[in-house]
Protein chains: 2
Amino acid sequence: MRVKKKARLRTGGTTLADVAREGGVSQITVSRVIRNKGAISDEMRERVERAIGKVGYVPNRLAGSLASAGSDLIGVIVPSLRSIIFHHVLQGVNDAISAAGYRSVVGSTDFREEEEDRLVTSLLSWRPAAMIIASFDHMEATAHRLRASKVKLVEITDTDRAPIGAAVGFSHRKAGYETGKYFAKRGYRRIAYAGQDNRKDAYASRRYDGFRDALNAAGIAVVAECMVPVPHDSSFAGKLAVETLLRDAPTIDAIYFSHDEMAIGGYFHCLEAGVAVPERLALAGFNGIDLGQALPKPLTTVLSDRYELGKLAGQHALALIDGKKVAPVTDVGFSLVKGRTA
Amino acid sequence: MRVKKKARLRTGGTTLADVAREGGVSQITVSRVIRNKGAISDEMRERVERAIGKVGYVPNRLAGSLASAGSDLIGVIVPSLRSIIFHHVLQGVNDAISAAGYRSVVGSTDFREEEEDRLVTSLLSWRPAAMIIASFDHMEATAHRLRASKVKLVEITDTDRAPIGAAVGFSHRKAGYETGKYFAKRGYRRIAYAGQDNRKDAYASRRYDGFRDALNAAGIAVVAECMVPVPHDSSFAGKLAVETLLRDAPTIDAIYFSHDEMAIGGYFHCLEAGVAVPERLALAGFNGIDLGQALPKPLTTVLSDRYELGKLAGQHALALIDGKKVAPVTDVGFSLVKGRTA
DNA sequence: CTGAAAGCGCTAACAG
DNA sequence: CTGTTAGCGCTTTCAG
């Protein structure tokens, strides 16, 4: 006696079986046509395509991925989507992977390592074909999780760090160092730093480290420092920092900002307050954002191409998925942009 | 005689069965503990949790979603991640949905409707719990696909349009109209417009429509127009536009820009060229980006809170998933920011 | 409160 | 070139 089939809730949509029935072919033939895999006669292909159109079939990648032990999803983790930076990375990643049919599942950590750990766990459960993580450093647990999962991993990170997977990026320490060297060469001697809560942004503090190293090598010290709390908007933070520094340390002749948005805000303050830039006060930032270069005096800064960085990360991910090897560390470098503010 | 089992490639990781074996319980018990669903005795729970830790189990959401006919993914489609706008929306969406365990699968269309159609198809195949689409208008085919799929849909869009799902947004036409009305009231009479390839950005052209309507109502016409090709960076485009307009139509007294980045670039040109703002030339933009408000003279603009918009869209998506009703159209409005540039 | 069995929709493996 | 069959790893249903 046949056991009665248990009723299950169906997703509701049409399935391969429906298409197969409609076209008078087997399911696997439909599957092959859809995935464009294996040899199919033109006649079969046409029959299947007609049937698909007729029943309005939408493939179920959940089922497909389960059956083939691997999804077309790529997990992407960035520190923040608020900043003016990482969405360019994300766009680069998407442009690189979407033509190959991959989709990005995106999460942001707000620079918190515990959140990153949670996200990694959550994204791994989707059995992604690869993961791309933009992060300065991981928790021990996260690193372990990533290694244990054996997921194809590309890290967008500081190249001074030891990566778990393939790393792409550049050395923030060097970027800061180059700026410091430039300041020293230009003859600035009473130098200040303006940043925004560096505990969260390890990249920025690395740049600051490098900056100080370069100054020290030239026998110069940072004479003043202004850290603006994070809740402030970046450009206002820059204004505030310049105002504060000029009041508390009026003899300074140059300021290094943790990033361009602050530097631009600082530049605006100088315009308003009638402070001559760079004669009275020199300014430099980091990132090379477009607006900085559109200023009446283009901003002196360090340019990193974040879009290309994301694209490269995406390409590396595809290569890894393809079973190819990629360099353990790819340093994309940066360039010191000698503007007219320092 | 028993048929030999066919070998299948396994994902490699540990499965529920492994945990169950380790803990000496059934798979379903493990499943219940993980999903925190159904009544479980404390003893069982503890046993299972120990076993999970021991074998290092990572759930497979692909299998879980397939079995339960629905994923925890939310498809998100935005026009672009390059612009300074939509990543705020995305962050808002993520902040709203991630606490509830949902993840966003993200795609960008570069303002192309065919790309949107492709993305919708692709994302639907992941059987998302909901979709959030930021788009001015859809292709007929896309609209059909979305309706047929019965996916929970939230559109972030212009509220003048008839939406397919639940819409959140505001009227770009009205935003332009308010700016035009303000220009008329301030007494500007020789007014120009500066934009960037509006064929792609339907929102911008809607604002321009509204702007002209307001001027017409006051008996004023736009006397000059400068459209800068898209490849140009926005702030340089603004510089270029002002330069061009002042040369070709030197009698203009005000310019309406399609967005703040252009307006800021235009403002910079005025600073460099010694054009008094707003006495000689008034400027206004759209978006209310932070940098515009940090300018020596805060930019006159229309502010829309894109982060809150994204968050609201995410909350609506969660409500729909929950089976609740949401308003067909939620107008979040905007606010005219009377700066010092117009 | 716990478990056995069936099956979600698809594709890999193995024939023909 | 096309088809049959047996799972992928999980959750639902039904039964205790």
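Chain A has 13 helices and 12 strands, where helices (H or I, at least four residues) and strands (E, at least two) are DSSP runs numbered from the N terminus. The radius of gyration of chain A, taken over C-alpha atoms, is 26 Å, well over the 20 Å that the globule rule (2.2 Å times the number of residues to the power 0.38) gives for 342 residues, so chain A is more spread out than a compact globule. This is a predicted model, in which local features need pLDDT of at least 70 and side-chain atom pairs count only at pLDDT 80 or more, while totals for chains, interfaces and linings use all residues. Residues are numbered from 1 along each chain as its sequence is written, and chains are lettered from A and ligands numbered from 1 in the order in which they are written.

**Confidence in chain A**
- The mean pLDDT (the predictor's confidence in each residue, from 0 to 100) of chain A is 92, and 96% of its residues reach 70 or more.
- Residues 1–5 of chain A have pLDDT below 50, and beyond near neighbours in sequence they make zero contacts in the model, a contact being two residues whose C-beta atoms, placed from the backbone, lie within 7 Å.

**Extent of chain A**
- Along the principal axes, the C-alpha atoms of chain A fill a box of roughly 95 × 40 × 35 Å.

**A sheet in chain B**
- Four strands of chain B form an open sheet in the order β7-β6-β8-β9 with parallel pairing, strands being paired if DSSP finds at least two bridges between them.
- The edge strands, each pairing on one side only, are β7 (222–228) and β9 (282–284) of chain B.
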